[in-house]
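User: Please guide me through some features of this structure by question and answer.

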Amino acid sequence: MPLPLPAAAAATALLAGTGALIRAYRAWRVDQQWRMGRRFGADGVQVGAEPFELRAATGKAVLLLHGAGDTPQSVRALGESLHAAGYTVRAPLLPGHGRSPRALARTHGREWLAHVRAELAALEAMHPWVGIVAQSMGGALAVQLAAERPALPALVLLAPYLSVPPVVGQAAAWAPLWSLTIPFLPSSADGSILDPAERERALGYGMVSARSVRGLVATARAGAAALPKVRAPTLVLQSRADNRITAAGAEAAFAELGAPDKRFVWLDEGGHVISVDRGRERVFALVAEWLAAHGGVTGGGARRGPARG
């Protein structure tokens, strides 16, 4: 015999409330387990995951962006290499990143784009020349910034996340359902960083929330849609062993890129996070060469300022 409407509504509410409690407990437990053994600053950011700025006195600057679920630690060595070449380097920490899984669960793609847009504007206000170097999902954000700035002097995309694998798209599509009881899905993969020492140093979350995976997909698709509008000279670096971006997806995105001056380089070493992986020295050299060839620092006379962050 079916329940009367008031009773059915009460039962539904009870089930929903129970699911929410289960999800909240699981989120708390995952959060606590992830935080074990890690150190955090007074601002709640994990030690080593902080944003950084390395100042130089050449008037040339680079906005350096990390990927989804990752931190500026993943681009620190590249930033130091660019600073040594004479650039002021600013590497912001995306909202919700570098703090805790529950912080990630409260953020979305619109916040990420607004944050990097403000960071770029701040650099442009202080430097006559500003380029962008971005990795993974940071690349999708960078493409949107470049589409807004036809006069951007140089853009470098490291394994840009501009095509969504089916499994990620399905996770985003079904997020309203699975997130009722499951707060996070694992996202780590050994193939993202092949160098075991660098994989051990990585400070990324290794998981996604419902909101963050939907933000990732939305950001990738917005970046892909903005590709034809990009006019900045653009270098794309992609590893053949990338476990997240297919060769077909990478080539299709490059074909859509509207920049008249563009170059695609296949790398034979490293996984997805090529800024820290095997063969990173070649990545550093290619990035510096591209920036220098498009108005960046040339020669070796770098004048550095005090590092911050």
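User: Which elements each supply at least two residues of the lining of the largest cavity?

Analyst: This is a predicted model, in which local features need pLDDT of at least 70 and side-chain atom pairs count only at pLDDT 80 or more, while totals for chains, interfaces and linings use all residues. Residues are numbered from 1 along each chain as its sequence is written, and side-chain values use heavy atoms, with hydrogens and water left out. On a 1 Å grid over the protein atoms alone, a cavity is a set of points where a 1.4 Å probe fits but cannot get out, a pocket is an open set with protein on both sides within 12 Å along at least five of seven lines, and lining residues have an atom within 4 Å of a point. With helices (H or I, at least four residues) and strands (E, at least two) taken as DSSP runs numbered from the N terminus, the elements asked for are β8 (234-239) and α10 (247-256).

User: Which element gives the largest share of that lining, and what is the volume of the largest cavity?

Analyst: The largest share, four residues, comes from α10. Among the 13 lining residues, Pro160, Leu162, Ala250, Ala253 and Phe254 are the closest to the centre of the largest cavity. A volume is the space filled by probe spheres set on the points, which are joined across faces, edges and corners; for the largest cavity it is about 90 Å³.

User: How many nonpolar, polar and charged residues line the largest cavity?

Analyst: Ala, Val, Leu, Ile, Met, Phe, Trp, Tyr, Cys and Pro count as nonpolar, Asp, Glu, Lys and Arg as charged, and the others, Gly among them, as polar. By class, the lining of the largest cavity has ten nonpolar, three polar and no charged residues.

User: Which element supplies the largest share of the lining of the second largest pocket?

Analyst: The second largest pocket has a volume of about 180 Å³. Its lining takes at least two residues from each of α4 (109-126), α5 and α9, and includes Leu141, Gln144, Thr219 and Ala222. The largest share, five residues, comes from α9.

User: Which residues of α5 and α9 make the contact between these helices?

Analyst: The axes of α5 (residues 137-148) and α9 (residues 210-226) come within 8 Å and cross at roughly 40 degrees. Contact means heavy atoms within 4.5 Å. On the α5 side the residues are Met137, Ala140, Leu141, Val143, Gln144 and Ala147, and on the α9 side they are Leu216, Thr219, Ala220, Ala222, Gly223 and Ala226.

How values were computed: Axes are lines fitted to C-alpha atoms, for helices over the stretch in contact, and angles run from 0 to 180 degrees between N-to-C directions.
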